[in-house]
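Q: Can we go through this one together, starting with chain A and then moving to chain B?

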Amino acid sequence: MTDLTRDAIQTRLQACTSKEATFKELVSLSKQLERLTDADKTEENRVKGCESAVWLIEHQDNGVCTFQADSDAKLMRGVLMVILSLVNGHSKAELQQRDLVAELSQFNLSSYLTSSRTNGVLSVLKKVQN
Amino acid sequence: MAFDANTLRAQFPILQLEANDHPLVYLDNAATTQKPQAVLDALMAYYTTSNANVHRGAHYLSDRATAQFEHARDRVARFINAADSNHVIWTKGTTEAINLVAYGLEWCLKPDDEILITSLEHHANLVPWQQLAFRTGARLRVLPLTSKGEWEPEYERYFNDHTRIFACTQISNAIGVKTPIKEMLAAAKAVKAFTLVDGAQAVAHYPVDVQDLDCDFYVFSGHKMYGPTGIGVLYGKPHALEVLTPVQTGGEMVRHVTYNSTEFNVLPYRLEAGTPNIEGVIGMTAACDFLANQDRTAMIEWEQKLARYVYDELKFNTSIEIYSPATDTTVVSLSVPGIHTLDLNGYLDSQGVAVRAGSHCAHPLMAQLGVSSTLRASFACYNTLSEARRFCDVLIEAIEILGDD
C-alpha cells in the first residue's frame, strides 16, 4: 500500500469532470497498487462475480485488518486502490457496521461502476466484510 | 437503388447522440442494432391507433391489431422466403426459439443418441442442447470448426446414425466468421438429423432464404435486424413444427379445454401460448420493410468494407491480435496481449466509442482462441468510414495510455 489517503483519492476523483479524466485517474491510481505475487493469486483468494480477475487477501494484526488486492485489469486495480483506502486499518467489527457501498459512491465513480462491474465491486466489499 | 450510409443515418435518431462528451460511435451492432424512425413510428402507431389483444375478434381495435399482427407474420415469411406464413412462430428472441426446439424435441432423444453443434456457437446454441443431453442421456458432440470457419472432409464422421439433431450458427457472433453451413446441413440431412440454423448474426446483413438452406428450423431475433427488442422468430418446416411438444401451454394455443383434457390449436398458434408481444411483432413489419428498401448487395459490401478498413489499419500493429477473418465479415474481434479488454473498452467508451469487450457468450470458443475475452467492433449499415477510422485511432490511443508500464 501507498500513503495515499482516502481523502486524497476522493479529492482527485471528485475533480474529474469527464469520463476520460476519471479513466486516466483510475489508471494513475492503478500504478500505485502493490501487486500480488503469482503465488498469492490462488483460487481461494479469487473474488467471484467480477468481470475481470480479482484477488483479495486479508491480514489481521491485533484486531486490525489489512487487505491486499490485485486484478488483471487496470481500471479494476484503480478501483481496488479506492477500496483499500476505505477499508485498511480498521477492525472487522467496524468494517461490518459500515455502509461501504454508500462510502464508495462518494468517489464519483458511478459511470465506472456499471451493473456488472458493480456486482464485482460488491463481491469485493462483501468479502472484505466477511 | 443507391446506397449511402450518411443518408441512411438520418433515419436513426439515436445516432445523433453524444456519449461522454463525444459524438456517439456505435459499433456494438452484433449485440443489438439501433432502430430506424419507421420502426419507432410503427410501435407508436400501434399503441395510438390499434392497441387491443389479438385473435379475440369481437371489436374494431382487436380486428385492427389482429390484422396487423398476422400481416407481420406474412411479412417475415416473405423476408426469409418461407413457403407459408404458418411456418413462422413468434418467440421473444433467438434464445427462446432454440429452447422451444430443445424442449420440444426431448421426446425423440434416448441414451446413445447424439446432438451435434460446432465450436463456434453462442451459449444460446450450446447450453439448451447440453441441458437436453443431460435430461435425456444423449451425447453432446462438438464439430471442431477452426476460427476461419473451415470445413474438413473428415468432419463427415461427426454426422452418423446416432446424430438426431444438428444445430449450428450461420455466422459466429464472437468473431464474425461464416460457417460452411450448406455443406454441414447436407451432411446432417444425409443422416436424417433435425437441423437448426442460428441466424441471429445473419439476418441484418444477408438475405435469408430458408427454403434454399433447407433446414428444419431457422431462428433469429428482431432486435439484431433493426427491429424491436423482445421479439424473435422460430421458422420451421411444417413436419418439424408439428412434432414439437408445446413447451408452454395456456391461452391462445388451445381449441377446447375440459378439466380432463385439452385439444391444442393448429400451427402456428399451438406454439404461441399467451398474449404475444404484439408491438414487437408489428414492429417486425417495419424492420423487414426497412431492410427490403435497401440495396442489400451494396449494403453488405459497405458493411464489409468498414470491417476490412479496420482490419487493414490494424493488421500490421504488432501489439494487436485479430481473430476475425480479413474478408467476408462485418466484425473485427481482437485482443491486445498484456492489456485487459475491459480497460481498452473503458477508454473507448470515454471517447464515445461503443464496442463490446468480453467473452461474447462463447466461453469454449474463447478457450479455443486462447483468450479470456476479446474486443469486438461490429458494423451495421449506418456506420461510416470516419467512424471506422475513429475506432482505430482511439484504440491506438488506448494502447498507448494503457501499455506504458
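A: What follows covers a helix pair, a strand pair and the domains.

A: This is a predicted model, where local features need pLDDT of at least 70, side-chain atom pairs count only at pLDDT 80 or more, and totals for chains, interfaces and linings use all residues. Residues are numbered from 1 along each chain as its sequence is written, chains are lettered from A and ligands numbered from 1 in the order in which they are written, and side-chain values use heavy atoms, leaving out hydrogens and water.

Q: At what angle do H1 (residues 6-14) and H3 (residues 74-87) of chain A cross?

A: Roughly 140°, with the axes coming within 9 Å. Axes are lines fitted to C-alpha atoms over the stretch in contact, and angles run from 0 to 180 degrees between N-to-C directions. Helices (H or I, at least four residues) and strands (E, at least two) are DSSP runs, numbered from the N terminus.

Q: Which residues make the contact?

A: Arg6(A), Ile9(A) and Leu13(A) of H1(A) meet Met81(A), Val82(A), Ser85(A) and Leu86(A) of H3(A), contact being heavy atoms within 4.5 Å.

Q: Over to chain B. In which sense do S5 (residues 114-118) and S6 (residues 139-143) pair, parallel or antiparallel?

A: Parallel, over five bridges; pairing needs at least two DSSP bridges between the strands. Leu140(B) in S6(B) is the bridge partner of Ile115(B).

Q: What are the domains of chain B?

A: Domain 1 (5-31 + 295-402) and domain 2 (40-292), with bounds from an automatic or database assignment. Their C-alpha centres lie 28 Å apart. The contact takes 34 residues from domain 1 of chain B and 29 residues from domain 2 of chain B.
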